[in-house]
Amino acid sequence: MSNDAEYEPSTWGWVADQVAEYEASGGERANTLMDTGIPIIVTTMVGHKSGKIRKVPLMRVEHEGEYALIASKAGMPHHPGWYYNLEGASHVTVQDGPAPAEFTVREVTGAERDEWYARGVAVYPDYADYAVSAAEHDRVIPVFVATPA
């Protein structure tokens, strides 16, 4: 990932604030999804249109050192904007604690996607409802897997 690109915080204030606090504290603060108590990671990527650095807090769905990046958007009809940043990407940075690390990223499908999605539901049960809502809009929620580079 390019280190010389400019960082542009999210236009969603709570996302920008959470990322800033998480990074400033080395993952000690702002490390859960709002008041759920469920841990998050911060994923850094390059914007597919802007070329700027983008950062999003995502549910911490980890298995054997890899992470699922689940593009649920709460089951809405369309993918979240960051999905398109990863669609053509091969690398991201994931921060799970004090320091970010480089990862390769790939979208998974079929049985592998279902296995990772089930891991997501185990962490955050609302993902099950999101899948139903998305299906009502003829959308399958995409899942990416981030593997240490």
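I began with the outward side of H1. Asp-17 and Ala-24 are exposed there. I note that this is a predicted model.

Next I looked at the buried residues of H1. They are Val-15, Ala-16, Gln-18, Val-19 and Tyr-22. I then looked down the axis of H1. The buried residues fall within an arc of 165°, so they line one face of the helix. Asp-17 and Ala-24 sit on the other side.

What do the buried residues of H1 pack against? I found strand S1 (40-46), strand S2 (53-59) and strand S5 (91-95).

I also checked the length of H1. The helix covers residues 13-24, which is 12 residues. From first C-alpha to last, H1 reaches 16 Å. That is close to the 16 Å expected at 1.5 Å a residue. Just after H1, I noted Gly-26 with a positive phi of about 65°.

Then I turned to helix H4, residues 126-136. I listed Tyr-127, Tyr-130 and Ala-134 as its buried residues. Their arc around the axis is only 50°, which puts them on the same side of H4. On the other side of H4, I found Asp-129 and Glu-136 exposed.

Which elements do the buried residues of H4 pack against? My entry reads S2, strand S4 (66-70) and helix H3 (110-123).

Last, I looked just past the end of H4. Asp-138 takes a positive phi of about 60° there.

Key: Residues numbered from 1 in each chain as written. Predicted model: local features only at pLDDT ≥ 70, side-chain atom pairs only at ≥ 80, totals over all residues. Heavy atoms only, no water. Helix = DSSP H or I, 4+ residues; strand = E, 2+ residues; numbered from the N terminus. Expected span 1.5 Å × (residues − 1). Buried < 20%, exposed > 50% of the residue type's maximum accessible area, 1.4 Å probe, protein only. Arc of directions from axis to C-beta. Contact = heavy atoms within 4.5 Å.
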